[in-house]
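Here is a friendly walk through one protein model, with a look at its pockets and a few loop residues. Please keep the structure open beside the text as you read.

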Amino acid sequence: MSDPVVQEAIKKAAVAWVSVDGAAPRVLWCVPVDGALYLVSGIGEQQAPGLAKAATAEVTLRGDHGGRIVTFTAEVRRVQPGDEEWNSVAPQVGGKRLNASGPTEKLLERWAMDCTLSCLTPAADTPAVTRPDLPDGSLAEPPRETAATSPTRKPFRLHKVRGQRR
């Protein structure tokens, strides 16, 4: 049995900050099912570099008021399409997928071909970090580099502005 704080945080989780191999954590949407977090990554879904091949990951969850309440090491397991766990969990995860195009059955077919459904369960041999051991600072990092830009437009003018009349 893992820490009760971890179990309660998992029950209420909608997003988790997941770090693989010491990389910067990424916020990923997830679905809690039976004390574990399930998340989908891959083509057309959220990007989670390294998670599909990782054995463990560091997970941070927030509390009811939005602040970080627990960080723990999770064992990562891939759920294979067609097995019993996939058949019971994937429809639940698909039903929670916001802005999905088409019915859940089509979504699950795409996931089976192009994506990875990962199960993150708290590791039994590592303790969770909770208050008062959490860091006091925000741990915020500068934004990652991106090729995205915002266009700069000229200010809107309804009419031509003339100089002052004398």
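How many nonpolar, polar and charged residues does the lining of the largest pocket have? The model is a predicted one, and in it this lining has nine nonpolar, six polar and five charged residues.

The largest pocket holds about 490 Å³ of space. Its lining is made of 20 residues, and those nearest the centre are Trp17, Pro25, Arg68, Ser138 and Leu139. Three strands, S1, S5 (56–62) and S6 (68–79), each supply at least two residues of this lining. With four residues, S5 gives the most.

The second largest pocket has about 200 Å³ of space. By class, they divide into seven nonpolar, one polar and three charged.

Now for the backbone. Most residues other than glycine have a negative phi.

| Residue | Phi | Loop between |
|---|---|---|
| Asp34 | about 50° | strand S3 (31–33) and strand S4 (36–42) |

Are these residues buried or exposed? Asp21 has a relative accessibility of 75%, so it counts as exposed, the cut-off being over 50%. Asp34 counts as exposed as well, because its relative accessibility is 80%.

**A buried loop residue**

Ala54 sits in the loop between S4 and S5. Its relative accessible area is 7%, and because buried means under 20%, Ala54 is buried. Which residues does Ala54 touch, leaving aside those up to four places away in sequence? They are Val20, Val76 and Arg78.

Ala54 also brings us back to Asp21: the two are 33 residues apart in sequence, while their C-alpha atoms are 8.0 Å apart in space. In this pair, Ala54 is buried, whereas Asp21 is exposed.

Terms used. Residues are numbered from 1 along each chain as its sequence is written. This is a predicted model: local features need pLDDT of at least 70, side-chain atom pairs count only at pLDDT 80 or more; totals for chains, interfaces and linings use all residues. Side-chain values use heavy atoms; hydrogens and water are left out. Buried means under 20% relative accessible area, exposed over 50%, partly exposed in between (1.4 Å probe, protein chains only). On a 1 Å grid over the protein atoms alone, a cavity is a set of points where a 1.4 Å probe fits but cannot get out, and a pocket is an open set with protein on both sides within 12 Å along at least five of seven lines; lining residues have an atom within 4 Å of a point. Grid points are joined across faces, edges and corners, and a volume is the space filled by probe spheres set on the points. Ala, Val, Leu, Ile, Met, Phe, Trp, Tyr, Cys and Pro count as nonpolar, Asp, Glu, Lys and Arg as charged, and the others, Gly among them, as polar. Contact means heavy atoms within 4.5 Å.
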